[in-house]
Amino acid sequence: MTDAQQFESFLRQYQDLVFSTAMRLLANRAEAEDVTQEVFLKAYARFGELEHSPTVAGWLRTVATNLSLNHLTRYRSRWSFFSELFSGRGEDEHEITVDFPAPENVEEEMHAADRKVIVEQALQKLPVAQRVPIVLYHMEGLSYEDIAAKLGVSLGKVKTDIHRGREVLRKRLEPARAALTE
Amino acid sequence: MNPNPENELEARIDRELKSLSPLASPPSLAPRIMAAIAEQERAPWYRNGWQAWPLALRASSLVVLLALFAGLCFGGVKLSESKGVTAASGKVSGAFSLLSVAGKTLAALADAAVEVVRHVGTGYVVAAFAVIALAYAACVAFGSFYLRFAFSRR
């Protein structure tokens with residue numbers, strides 16, 4: 001097998017992991033694809049070391065996380081400004097008007113898709129200021145302190161954003177749970 | 001004893017999010033990445049970053065850069081010893097003497113301000129600062145109110 005073939009097989013093995021990490025942080029398919037490409041270009045430059053490394057998945061996740069956060073700060077630097085400005089007030093008002101499934105439609109939705117799809121959609125609909133810390137805390141396993149340092153915001157803001165994000169997720173997922181248990 | 005609702009919510013959200021499987025990447029992604037890698041491979045070495053250069057080129061470029069740096073340092077020392085540079089540095093120090101005059105003027109103004117404070121009394125100065133601080137706070141408060149009012153009407 002040539003180097004290119006070996007790398008392609010490596011790429012196919014880990015592409016979903018990298019794409020998911022980027023997609024959950026960015027909530028934008030095109031941007032997540034760009035970040036995934038960037039991650040694998042970096043991986044290709046270090047393929048010799050990574051190929052047999054037992055920590056390759058962790059390395060890929062870390063690079064995908066860092067590049068996604070760089071992408072957010074570089075291209076959407078205004079998000080933190082606006083999130084500080086409204087400090088969740090506007091977001092919460094906005095959340096109430098978001099069209100998440102009404103209880104009577106949930107059962108159909110649960111048959112059509114599945115609960116994981118609804119959770120995934122609810123996560124992706126969260127405002128960026130809540131989604132990013134939620135993903136870093138619950139999915140990437142970072143502590144509140146690490147998240148605050150990575151995002152360059154205060155510890156209090158991280159805790160508040162995560163708390164608000166969880167509340168929004170609860171509001172969105174509760175109807176689905178109720179419909180399931182009926 | 002009731003469990004802490006915040007901890008319960010955290011545990012529930014944690015369970016929900018950790019149960020998610022990786023998202024399927026689009027089928028076009030792997031070919032796109034392989035094409036980008038092939039394009040990068042085809043590009044001449046000087047188009048890539050320094051870390052991607054061949055080892056010999058990296059080593060020789062490092063030697064050249066070190067030689068340039070040593071040359072610049074040596075040239076700088078020699079230049080500072082030449083007569084032309086000494087004359088130019090005299091002109092520069094003349095310009096700096098203007099700065100010292102400006103500094104003396106500011107110091108004299110500060111002394112005058114201290115004299116005024118002594119003459120008027122500390123109480124008036126404190127009151128003046130309090131009025132300025134209150135005016136600033138009022139500006140911040142009105143500005144915040146206006147901003148919130150303006151955005152709430154969107």
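Two residues count as being in contact here if their C-beta atoms, placed from the backbone, lie within 7 Å. With that cut-off, 25 residues of chain B are in contact with 26 residues of chain A. Keep in mind that this is a predicted model, and the predictor gives the complex an ipTM of 0.74 and a pTM of 0.62.

## The two chains

Let's start with what each chain is built from.

| Chain | Residues | Buried | Mean pLDDT | Residues at pLDDT 70 or more |
|---|---|---|---|---|
| Chain A | 182 residues | 34% | 81 | 75% |
| Chain B | 154 residues | 4% | 85 | 95% |

Chain A has a stretch to handle with care. Over residues 84–103 of chain A, pLDDT stays under 50. The model has 18 contacts beyond four places in sequence for that stretch. Where pLDDT is low, the predicted coordinates should not be read in detail.

In chain B, confidence is highest in α2(B), at a mean of 91. Helix α4 of chain B (residues 83–120) sits at the other end, with the lowest mean, 84.

## Where the chains meet

One helix pair across the interface is worth a look on screen. Two packed helices are described by the angle between their axes and the distance between the axes. Helix α1 of chain A (residues 3–26) packs against helix α2 of chain B (residues 29–42) at an angle of about 120°, and their axes are 10 Å apart. That angle makes α1(A) oblique to α2(B), and the crossing is right-handed.

To find the contact, pick out A:Glu8, A:Leu11, A:Arg12, A:Gln15 and A:Phe19 on α1(A). Their counterparts on α2(B) are B:Leu29, B:Ala30, B:Ile33 and B:Met34. By class, this contact has 6 nonpolar, 1 polar and 2 charged residues.

## A helix pair inside chain A

Now for a pair within chain A. Helix α2 (residues 29–45) and helix α4 (residues 56–75) of chain A have axes that come within 9 Å and cross at roughly 130°. The two helices are therefore oblique to each other, and α2(A) passes α4(A) in a right-handed crossing.

On the α2(A) side, the residues involved are A:Glu31, A:Val35, A:Glu38, A:Val39, A:Lys42 and A:Ala43. They meet A:Leu60, A:Val63, A:Ala64, A:Leu67, A:Ser68 and A:His71 in α4(A). The residues of this contact divide into 7 nonpolar, 2 polar and 3 charged.

A:Glu31 lies in helix α2 of chain A. Leaving aside neighbours within four places in sequence, A:Glu31 is in contact with A:Leu26 and A:His71. A:Glu31 and A:Leu72 are 41 residues apart in sequence, yet their C-alpha atoms are 9.7 Å apart in space.

A:Ala27 is found in the loop between α1 and α2 of chain A. Its backbone stands out a bit: A:Ala27 has a positive phi of about 55° although it is not a glycine. A:Ala27 counts as partly exposed, since it has 18 C-beta neighbours inside 10 Å.

Notes: Residues are numbered from 1 along each chain as its sequence is written. Chains are lettered from A and ligands numbered from 1 in the order in which they are written. This is a predicted model: local features need pLDDT of at least 70, side-chain atom pairs count only at pLDDT 80 or more; totals for chains, interfaces and linings use all residues. Axes are lines fitted to C-alpha atoms, for helices over the stretch in contact, and angles run from 0 to 180 degrees between N-to-C directions. Helices (H or I, at least four residues) and strands (E, at least two) are DSSP runs, numbered from the N terminus. Angles under 35 degrees count as roughly parallel, over 145 as roughly antiparallel, 65 to 115 as roughly perpendicular and the rest as oblique. A crossing is left-handed if the near helix is turned anticlockwise from the far one by less than a right angle, and right-handed if clockwise. Ala, Val, Leu, Ile, Met, Phe, Trp, Tyr, Cys and Pro count as nonpolar, Asp, Glu, Lys and Arg as charged, and the others, Gly among them, as polar. A residue is buried if 20 or more other C-beta atoms lie within 10 Å of its own, exposed if 12 or fewer, and partly exposed in between; C-beta atoms are placed from the backbone. pLDDT is the predictor's confidence in each residue, from 0 to 100.
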